[in-house]
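Dear colleague,

Please find below the structure that I am handing over to you. I would be grateful if you could read the notes that follow with the structure at hand.

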Amino acid sequence: STEAFAHVPHLRHLDLSSNRLRALEENLFSDLAELEVLLLYNNEISSVDRTAFENLGRLRKLYLGQNRIARFPLELLRDGSRLPQLALLDLSANRLHSVPVGELQALPAWLRDRLYLHANPLACSCPLFQLVARGRRRQLSAVVDFLEELRCLPPAAAAAAAPVGILSLAGQQPLNCSEAREAVLEAHLGDSVTLGCDTRLRGVRQRHWVTPGGERVLEEGGNGSAALLANGSLQLRALRPEDAGTYACWVAGPLLNETLYVELLVHNFTLHGPHDTLNTAYTTLVGCILSVVLVLIYLYLTPCRCCCCRGAEKPPAPRDDSINSSVLSTTPNHATGVPGEPCRSRSASATGPGQNGRFKVGGTPQAPPRHGAKAQRKVSDPDSVSSVFSDTPIVV
């Protein structure tokens, strides 16, 4: 019952394994503020209340293996607020079909080192493969000690299909998972980055970083562009091309030492480079479109000067008070013209006699009698008129 431990507030170890517990009720262990180890494996637990482990600020080891838990109790690990001292969580041999891979990968390595998930019917996926592959590369106990039992069910497999090893998913169909690179950061020139020293050791007494150039960055300070933070991370400011390379974090624990390697890739362009390139391409495209529009305006909206061009190609013909003078000239060419009269009327009225008031395309009208001072004018070329008017004869 919820009041079973009210009279033992100083209890440090509690073993309730191999019973027939089916559920963990709310605030079940809240009276055990000094509890450090809790064994609940080999029961029939299928539901865990979110407040079942409240007020267990000193709990270091929690064994929930060999039960019927189908949902991963992520609240036990998130932010470290519920169980701040927890260093071991055993969820093996339960009924977990999926786990929050992204959030588990963000946990510190010292906690993932004791997070046991083997012997669960997990669904195969590439993120799950990468989580296990990183654990093997880091030699985490939860992966190395139970490598053969870390298996998953292939997608769309029959109910009787046998599970496969999670690490065997590399390059195999149908998932064809690829190896994820460990601790590789990418940055641009001028950026500031922080390299994390994700050690699996707790109670670290001393740590320092070694740059690709062999320079040591100690706790008491940095070398100007590099500084060691309080949590053991290395901060690099105003990245330069020579900052690229492999950084080593040397950690001294209470029992053994560990060295971590972080590879940093520095791209030789700033973060705003691609945007500038896009803006330049966009400006070039707009310029090309504008040029095409201007060419079209010049070709189709400017006044036609074909008559003048054609007149320049052949010798000028004799000009007189003819059709051309009434069409192409801006001022009247004879005294008998009526100001403001349309060009077509002038063209028709200027046709020679004997043509029954019609203008004959292709023919040369007879020159009218020459009288007065205007007798020196010549008859224009009728071909130039055909470029202005249509081929249909004009009838007045």
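Predicted model: local features only at pLDDT ≥ 70, side-chain atom pairs only at ≥ 80, totals over all residues.

Residues are numbered from 1 along each chain as its sequence is written, and side-chain values use heavy atoms, with hydrogens and water left out.

Disulfides

A search of the whole structure finds 3 disulfides, a disulfide being a pair of cysteine sulfur atoms within 2.5 Å. When the bonded cysteines are numbered in sequence order, they pair as 1-3, 2-4, 5-6. In what follows, helices (H or I, at least four residues) and strands (E, at least two) are DSSP runs numbered from the N terminus. Buried stands for under 20% relative accessible area, exposed for over 50%, and partly exposed for values in between (1.4 Å probe, protein chains only).

C124 and C152 are bonded, with their sulfur atoms 2.0 Å apart. Their link is right-handed, with 95° about the S-S bond. C124 is buried at a relative accessible area of 9%, and C152 is buried at 1%.

The sulfur atoms of C126 and C177 are 2.1 Å apart. This link is left-handed, with -90° about the S-S bond. It joins distant parts of the chain, 51 residues apart: C126 is in helix α3, and C177 is in the loop between β10 (164-165) and β11 (184-188). C126 is partly exposed, at 22% relative accessibility, whereas C177 is buried at 4%.

In the pair C197 and C249, the sulfur atoms are 2.0 Å apart. The torsion about the S-S bond is about -90°, so this disulfide is left-handed. Because C197 lies in the loop between β12 (193-195) and β13 (206-210) and C249 in strand β17 (residues 245-252), the pair ties together parts that are 52 residues apart in sequence. Both C197 and C249 are buried.

A further cysteine, C288, is partly exposed, at 45% relative accessibility.

Nonpolar cores

A nonpolar core is a set of buried Ala, Val, Leu, Ile, Met, Phe, Trp, Tyr and Cys residues joined through side-chain atoms within 4.5 Å. The largest one has 47 residues, of which L24, F29, F53, L62, F72 and L104 touch the most other members. Helices α1 (101-105) and α3 (126-137) each supply at least two residues of this core. The largest share, 5 residues, comes from α3. A second, separate core has 19 residues, including L195, L236, V262 and V266.

Which residues does L62 touch? Leaving aside residues up to four places away in sequence, L62 touches L38, L40, F53, L76, L86, L88, L89 and D90, where contact means heavy atoms within 4.5 Å.

The sheet

An open sheet of 5 strands has the order β1-β3-β5-β6-β7, with parallel pairing. β1 (13-15) and β7 (115-116) stand at the edges with a single partner strand each, so one side of each is left without a neighbour in the sheet. Two strands are taken to pair if DSSP finds at least two bridges between them. Strand β6 (residues 88-90) and β7 run parallel and are joined by 2 bridges. Y116 in β7 is the bridge partner of D90.

With kind regards
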